[in-house]
Structure formats: structure tokens, C-alpha cells
Amino acid sequence: MGKETGIRYGYLSVCLLTAAFCSCRGPVELGSSFSGPQSWDSQDGTGEMVRKTRYITGIEYPQGYNWMPDLGSNAEGAVLFLMKEDERVLEIPVGYGHCVSADADMHRCIDGHLYTDFSTDQETVVKKDGVEMFRFFGREMIICMLDRDDGIHTLGQPRSGTGWVYRRNGEIILYKGSGQILHGLYMDGESICFSYMDPIETSGGVRNLYYTVKDGSPQSIPLTDDIIGIDDALTLDGTTYYIAQMNAIKGRVLFSGTDARALELPSDASGISGCRFIIDNGSLFISGNISGGGGTGYGDSFWKGTALMCSVKGNCKVCNSVIDDGKCYYTAREPYEGSTIRVYLDGRTAFMAPRYELIYHTAFGAYNGISCLAMSDTGSSNMPLLWENGEITVYDFNGAFTSVSYW
């Protein structure tokens, strides 16, 4: 188990506006724009430097309510909140009557705004900062979302059945009754893109076809006979990239248009699987799992292009990862209850205290050399805490942080 050596403890009592959010019927704006410490990012079109800010989402339950046994439950009086740096700026009541869920898969922070999706008995409702933007018939689980000038774009999966649906403001643009999304919504220049796999029945059995989609128009990815399947696909600056499994090759191959290069694989490894693309400042990175290697093995790994960057040793599995400024940050733990959470910081590893529990894998972010992880202290009534570059801040509300992101 890890040690807490070098970790400094800081305690912050968050002022809870209990009366306000117990009685509210809509979103409550808390305070004005925050002007605290922020990080510099690249220049925008005006030539000015753009700051990225830390945003954290979370769920707060009424005092005395035991939320751990039924994680994500919509308890009476619970609120979903958004923090900008250290200040809580938005609170939204949770529950069926509000069409807001406590489930961490049903809310997300995008560009500093809090988006929620909710399924009633017949409809899906999408809100932004607690205000309903649209609803549509059918119960869908929203996979990913983009908010652009022309509306809110969503990729969803039916809560019963198969396939996926691409919508803008709730209106269907493209849908499939089978298959799966490979890479969710992203921007390539001014175009909205994603990719998917579509299985078709042939006389020889099921064959998978692969497509990239640009502004609602699918484009098939031509496959040669020696390609068994594709793990992920996207377009970058108009070029199609995909990661393929091929006959007679034990690893994976990165295709850039017609150019193909194998991902770097240690000589004692036996293969690569589960690859996904990560884009950082226009550069292409890949996450995947390396099998074999004997001894401690390799496990979950990361590549820059086809060059191997790092691997998680032993039985640890990556919970969440971020590529920032070409550097790799991730959280990992062994796959058993009570295992120690580890944070990998561009070559350094920090071990969390054994009593700290990572409840939501999305509660980790990194930016400009700073990494932030939200956990719960099981040794102190599951009190929520933030670990940021070795410093711990404990909060005194009944609930948990659900995500950390920088915008």
C-alpha cells in the first residue's frame, strides 16, 4: 500500500447554502464570475492569452442521508452543482420532477457550462445550466455532446435495443439500428465528426464495416483483406487515421491515409488491444493495452503516434487518463476492493492513502503541469476531498465530486 509522504493537508470548509437549495425549484446562480488563479493556454484570435479554468461537478445529498449503498440515487433534496475553481457557481435540484439525475453518466461540464440529460417514461430531456434546451421522444443514453453555434449535437444510444442516434437540438440527423460508435463527437476544423462500426450479414457471416462521419455525411473506410478489424478511427486536418488489427501482426497498425506503421511493441510482449485515439494540441496519441511481457508485464499503455511512451506495470488498471502538452497523466489501481489509488504524473507516481476511494473515474483532470483528483475519505464518513499536486483539501458536504475538467 502507498504512503502519504510529502503530502500536505489543507482543510477548507465550504459554505453550504442549505436553506436555498433545499427549497429551490430551479437552477440557482451563486456569485459572479470568479477571478481567482487560472492557467494560461494558447492564444485566441485576438492575440490575447486565453486562460483555462478548473471546473468540478458534484452531487450533494441532505445531511444524514447515506448515499453510498445506492450510488447515483435521486434522493429528495439532493442537488447537482458546478464549481469554478474553488467557488460553487451553480446548483440544480435533482429528481424526476426536475428532469435531472444524480447519475454521473447523465451530466457533464462543457466549456464551463453544466449539461444534463434525463429519461422520463417516454422522452429524453436535455438541459444547460438547469434550463431545458430541448426534449425528444424516446429514451436515450447520451454518449457525448457538443454545443456549437448551430445547436447542441448529441450522440445517444437507446436505453433498450441497439444502435445509436446522432441529433442536433433533438432532431435526428443520422441513426443506425445496429453497430456501435468508435470515436465520439469532436471537431476537425469547422466540421463536426465521429466514427462508427456497422455489422452487416453476408453469405460468409457477419462483416464489420467502418465509417467516419463529417457534418452528418458518412464516408466508408476502405479495408484491405488483411485487416481483421478497427479499434478506433478519426479525421485530423482532413486525413483519416485508424488503428487496425491485421493478419500475421501481433500488435496494432496505425493508418494515416494509405500510410501504415506498426505501434511500437516490446519484443517480449504478445499483443495490443483496445486502442483509442487521444488528440492533444493537434498531435495524435493512443491508449491501449499491451499483453504479455512476463514478470510484471506491461498492461495499459500510451503512445505518441506509434512511439511507446509509458506502460502501467503489474496488475494495475488505468481508471482515467489525460494527455496535456504532450505529457501523460493518469490514475490507476489494482482490480480489487481496497487497493491503493496511484496518480502517474509524467514519469512520477504518487500513492494515495489506503482509506481514499476513487468513486467516479471522470473525477480526474490535468492541465499545465497541475493534476487534480477527487476522492472520498472512507475513514471519515466518505467526506469528499480534492488532491491537487500533492495537496489535499477536504470539504464538509454530504456527497461526492463527479468530474474534474479544465476549460
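On a 1 Å grid over the protein atoms alone, a cavity is a set of points where a 1.4 Å probe fits but cannot get out, and its lining residues have an atom within 4 Å of a point. Grid points are joined across faces, edges and corners, and a volume is the space filled by probe spheres set on the points.

Ground rules first. This is a predicted model, in which local features need pLDDT of at least 70 and side-chain atom pairs count only at pLDDT 80 or more, while totals for chains, interfaces and linings use all residues. Residues are numbered from 1 along each chain as its sequence is written, and side-chain values use heavy atoms, with hydrogens and water left out.

**Cavity.** I searched the whole structure and found one cavity of 30 Å³ or more. The largest cavity has a volume of about 40 Å³. I listed its lining as E357, I359, Y360, A363, A374, M375, S376, A400 and F401. For elements I used DSSP runs numbered from the N terminus: helices are H or I of at least four residues, strands are E of at least two. β34 and β37 each supply at least two residues of this lining, and β34 gives the most, with three.

**Cores.** Next I looked up nonpolar cores, meaning sets of buried Ala, Val, Leu, Ile, Met, Phe, Trp, Tyr and Cys residues joined through side-chain atoms within 4.5 Å. Buried is under 20% relative accessible area, exposed over 50%, partly exposed in between (1.4 Å probe, protein chains only). The largest core has 33 residues, and Y61, L82, V94, L386 and F401 have the most contacts inside it. Two or more residues of this core come from each of β5 (54-60), β6 (79-84), β7 (87-93), β34 (370-377) and β37 (399-406). Apart from it I noted another core, of 19 residues, including L345, L358, L373 and V394.

I then asked what F401 touches beyond its neighbours within four places in sequence. Counting contact as heavy atoms within 4.5 Å, I wrote down I56, T57, G58, F81, M83, Y360, A363, A374, P384, L385, L386 and Y395.

**β6 and β7.** Two strands pair if DSSP finds at least two bridges between them. β6 and β7 run antiparallel, joined by six bridges, and K84 has E87 in β7 as its bridge partner. Two residues lie between the strands of this hairpin, where E85 takes a positive phi near 55 degrees. Six of the seven residues of β7 are buried.

**Four-stranded sheet.** I traced an open sheet in the order β8-β9-β10-β11, with antiparallel pairing. β8 (107-110) and β11 (131-137) are the edge strands with a single partner each, so one side of each has no neighbour in the sheet. Inside, five bridges join β9 (113-119) to β10 (123-128), and D117 stands opposite V126 in β10.

**β12 and β13.** These strands (140-148 and 151-158) pair antiparallel over eight bridges. A hairpin joins β12 to β13 through two residues, and M141 has Q157 in β13 as its bridge partner.

**F255.** Buried or exposed, I wondered of F255? F255 is buried, with a relative accessible area of 9%, and sits in strand β22 (253-256). Setting aside residues up to four places away in sequence, F255 touches I227, T240, Y241, Y242, A244, M246 and A260. Y241 is 14 residues from F255 in sequence and 5.4 Å away in space, C-alpha to C-alpha.

How values were computed: On a 1 Å grid over the protein atoms alone, a cavity is a set of points where a 1.4 Å probe fits but cannot get out, and a pocket is an open set with protein on both sides within 12 Å along at least five of seven lines; lining residues have an atom within 4 Å of a point.
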